[in-house]
Amino acid sequence: MADLTDFVLPKMGESITEGTIINWLVSEGDDFEEGDILLEVATDKVDNEVPAPAAGNLVKHLAENGDVVKIGAPVAKLKLGESAGDKTVGEDQVDTKIKEVGGLENVKTKKKSAGKKASSSLKNGTQPTAYINQDLFVSPLVDAIARKHHISYEELARIPATGKDGRLRKSDVTQYIDEGRPHQFAQAVPSDNNNNYSIPQLNLDKGKGRIVEMDRMRSIIADHMVYSKHTSPHVTAYVECDVTELVRFRESVKTNFQEKQGTKLTFTPLFIKAVADAIKDFPMINSSLDGKNIIVKDDINVGMATALPSGNLIVPVVKNADTLSLPELAEEVNRLAGLARDNKLAGDDIKGSTFTISNVGTFGSLMGTPIINQPEVAILATGIIKKRAEVVTENGEDRIEIRSMMMLSLSFDHRVVDGYLGGSFLKRVADNLESIERF
């Protein structure tokens, strides 16, 4: 009889250290074949299917749905078809099987929560008031439970915490849910602390109609957007850009470019190059905030917001964009866009962005007011390229010409980026797009 084998959580990307168990597809006591999917694991916005390295029987789950598990940690006891002694199914073995079955499939998406700061309730009872403590640590497990039950961070802040140093425990949250969420619409208790706020008790008429439950990815996006608006004081600046020469340049070279380089030249790599060059001139725009410290990033990794076939949004990342030539940028942009369309983005493809571009012009929008992709401090939206009559001044004389114009809008975190930096960076991006010689 084969001995029991530890089945460990395999590597799912270079920078990924843990994953959340979404669903076991093989129950305890069930047999499986080599290559069968044993479980689904969420890392950031990517869900991964983990295959079996060989045929056998699943004896015991060592981690349950919703558990956050470190990469390399055992998640199940297996009895494989051939006796392998008392050993562990290592990451390399599972990685090999992953490659054989076609990679980790991007099914839906999920955001990882590795230690978010939130508030806590310090007052028990069901009365419609609650104290707010700004120092409670919310673990990934508690965060996962909160998301499942649609509990906001503000509501988590009002749950009585019984853990060490005011830590909110899983039992605190489950007990709170069993009690009917008594602090769901509680008001903060007034105090001398100006950070306290009142939560209105609203009874809104939401109307009647067809109920459409959010899918997992839409729920994650909603949480991320609310978190970003709650965290960063958004300011949006606008500039108009004359991209006539850029449009002419692309039209004149795109056929030869595709024949020579083997990939299409869209506007996206041109936008990314203009942004990456501007970031080198204004590096503070390429940063994030950690408490009172500003982290100015060494790498320039540009995320490009991409619509999925489902209508949801994901942000693949062009790594080290400032070091890539235009053909290299075009190839990488097309690779990532293709993977997004086929729902095959891997965990590393969507990690590590330091600045994000959202091309709202793709949908016909003149301009947008994008929401910052946390933990970045700025995001650029490019509007539709539209021909119109413009006044052109040359040698002191004005004349009217048909020009291709585009609106650029930059949303930035006013805690880090002031108006001078935001405006200067935005103008530099526009200047780069108008300076055709740089391409």
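User: Which residues does Ile 384 touch, not counting residues up to four places away in sequence?

Analyst: Ile 384 touches Gly 361, Gly 364, Ser 365, Leu 366, Met 405 and Met 406. Contact here means heavy atoms within 4.5 Å. This is a predicted model, in which local features need pLDDT of at least 70, side-chain atom pairs count only at pLDDT 80 or more, and totals for chains, interfaces and linings use all residues. Residues are numbered from 1 along each chain as its sequence is written, and side-chain values use heavy atoms, with hydrogens and water left out.

User: Where does Ile 384 lie?

Analyst: Ile 384 is in the loop between β22 (378-382) and β23 (386-394). Strands are DSSP runs of E with at least two residues, and helices are runs of H or I with at least four, numbered from the N terminus.

User: Why is Ile 384 called partly exposed?

Analyst: Its relative accessible area is 26%. Buried means under 20%, exposed over 50%, and partly exposed in between, with a 1.4 Å probe and protein chains only. Ile 384 is therefore partly exposed.

User: What makes α7 largely enclosed by the rest of the structure?

Analyst: Of its 15 residues, 11 are buried, so α7 is largely enclosed. Among the buried ones are Leu 270, Phe 271, Ile 272 and Lys 273.

User: What is found at the start of α7?

Analyst: A side-chain oxygen of Thr 266 comes to within 3.4 Å of the backbone nitrogen of Thr 268.

User: What makes a set of residues a nonpolar core, and which residues have the most contacts inside the largest one?

Analyst: A nonpolar core is a set of buried Ala, Val, Leu, Ile, Met, Phe, Trp, Tyr and Cys residues joined through side-chain atoms within 4.5 Å. The largest has 55 residues, and those with the most contacts inside it include Ile 272, Phe 355 and Leu 433. Helix α7 gives the most to this core, with 8 residues. Apart from it lies another core of 21 residues, among them Val 26 and Leu 38.

User: Which residues does Leu 433 touch, leaving out those up to four places away in sequence?

Analyst: Leu 433 touches several residues, including Leu 270, Phe 271 and Ala 274, as well as Met 406.

Key:
A polar contact is a pair of N or O atoms within 3.5 Å; within protein, one must be able to donate a hydrogen and the other to accept it, and residues adjacent in sequence count only if both atoms are side-chain atoms.
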